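Take a look at the fold below.

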Amino acid sequence: MTGNHAGVIIVFSNCSSISKNRITSGGHGIRLMYSCNCSVSDNNVENCELGIHLSYSRYNTINGNTLTNNSVGIILLNSPVSPNTTYHNNLHHNNFIGNIVQARIYENGSDTCWDDGYPSGGNYWSDYAGIDNYSGANQDQPGSDGIGDIPYIIDPYHVDNYPLITPNQAPTPSPPIILIRPLSASIHQGQSIIFASTVSYGYQPCTYQWYINGTQVANKTSHLWTFSPLETGTYHIYMLAINDQDNYLISETARIKVTRFPGDVNEDHKVDLKDALIVTVAFGECLGRPKWDSQADIDEDCKIDLKDYYIVVANYGKEW
Ligand SMILES: [Ca+2]
Ligand SMILES: [Ca+2]
Ligand SMILES: [Ca+2]
């Protein structure tokens with residue numbers, strides 16, 4: 001998401017999850033208002049006015065986010081009129097990188113946690129000035145442990161006791177993928193098959209186009225497509241998805257085999273005497289013989305016999 005007044009806002013929400021978004025160049029990156037027990041994780045917010053903004057929101061977990069070059073990395077705003085209220089938001093394993101103000105807090109009586117204890121650790125702060133020569137819960141044992149030896153002080157009431165020396169690894173964005181189903185099927189003339197597609201990760205597409213044997217299927221631009229082939233043969237089908245950034249994805253190719261409608265030997269959309277006659281004329285032949293007629297070998301076993309005749313009889317009178 002780029003250039004929005006706000007990337008993601010949730011209001012009066014319980015147990016929501018905001019995860020794996022990339023938000024750039026906007027007003028608010030992620031904003032929670034009056035929301036509880038939510039998870040804000042593995043998001044990247046860059047070059048916004050406010051990276052993450054929590055107001056009047058309790059018991060939320062903010063972890064694994066990377067907030068880079070925002071005017072304010074995170075802002076916590078809670079009601080000063082109820083000084084005994086606990087807000088109990090947990091923030092750890094976030095990366096605060098190069099924000100003009102890394103964290104700004106307007107709250108009273110809160111118990112925000114800025115670390116996950118020892119040895120799990122707190123957050124990475126790009127302006128942390130401490131060193132790492134010691135370890136242990138009190139950072140008084142010899143040997144470095146990846147955690148700064150002195151706390152990172154946001155203000156006298158807000159302290160990250162275990163600041164990380166190196167950034168918490170940002171999640172690698174998963175490449176977008178497009179899946180279509182089914183990838184293979186065998187149907188006969190007169191049957192339909194419904195293709196469904198799903199796009200995972202990355203920008204969501206805004207347009208779709210289905211292709212059949214390399215050619216666009218006219219007016220088939222939904223993520224679903226009902227394929228009703230009239231001709232026998234093998235069809236290779238894939239889908240192209242394009243988003244508003246002109247990025248496109250191509251699905252795997254599905255292979256669909258279409259056989260004749262059972263018993264309709266001459267493919268005239270009905271099973272009748274004409275089909276029975278074709279089988280009768282070639283009856284008893286096998287592949288390579290002079291009167292061999294591949295049309296009449298309905299079950300494709302290289303001989304024209306009672307089994308083929310039975311297929312005509314069993315479907316006699318059917319139309320498609
Ligand atoms: Ca240390
Ligand atoms: Ca027929
Ligand atoms: Ca046969």
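In what order do the five strands of the open sheet lie, and is their pairing parallel or antiparallel? The order is 3-6-9-12-14, and the pairing is parallel. Strands here are DSSP runs of E of at least two residues, helices are runs of H or I of at least four residues, and both are numbered from the N terminus. Two strands pair if DSSP finds at least two bridges between them. Strand 3 (22-24) and strand 14 are the edge strands, each pairing on one side only.

Some ground rules come next. This is a predicted model, in which local features need pLDDT of at least 70 and side-chain atom pairs count only at pLDDT 80 or more, while totals for chains, interfaces and linings use all residues. Residues are numbered from 1 along each chain as its sequence is written, and chains are lettered from A and ligands numbered from 1 in the order in which they are written.

Strand 3 pairs with strand 6 (residues 44-46) in the parallel sense, over three bridges. Ile 23 has Val 45 in strand 6 as its bridge partner. Touching means contact: C-beta atoms, placed from the backbone, lie within 7 Å.

The largest nonpolar core has 28 residues, and Ile 30, Val 40, Val 45, Ile 52 and Ile 74 have the most contacts inside it. Strand 4 (28-33), strand 7 (50-55), strand 10 (72-77), strand 14 (124-125) and strand 17 (152-155) each give two or more residues to this core. A second, separate core of 14 residues includes Ile 178, Tyr 208, Ile 237 and Val 258. A nonpolar core is a set of buried Ala, Val, Leu, Ile, Met, Phe, Trp, Tyr and Cys residues joined through C-beta atoms within 7 Å. A residue is buried if 20 or more other C-beta atoms lie within 10 Å of its own, exposed if 12 or fewer, and partly exposed in between.

Tyr 59 sits in the loop between strand 7 and strand 8 (61-63). Why is Tyr 59 partly exposed? Because 15 other C-beta atoms lie within 10 Å. Tyr 59 touches Cys 36, Asn 37, His 88 and Asn 89, leaving aside residues up to four places away in sequence. Its C-alpha atom is separated by 6.2 Å from that of Tyr 87, 28 residues apart along the chain.

Another open sheet has three strands in the order 19-21-24, with antiparallel pairing. Its edge strands are strand 19 (177-181) and strand 24 (224-227). Five bridges join strand 19 to strand 21 (residues 193-200). Leu 179 has Thr 198 in strand 21 as its bridge partner.

Finally, turn to the helices. In helix 1 (residues 273-282), Asp 275, Val 279 and Ala 282 are buried. Seen down the axis, the buried residues of helix 1 fall within an arc of 75 degrees, so they line one face. That arc is taken from the directions from the helix axis to the C-beta atoms. Leu 273 and Val 281, on the other side of helix 1, are exposed. The buried residues of helix 1 pack against helix 2 (306-315). Asp 275, Ala 276 and Val 279 meet Asp 308, Tyr 309 and Val 312 there.

Notes. Two residues are in contact if their C-beta atoms, placed from the backbone, lie within 7 Å.
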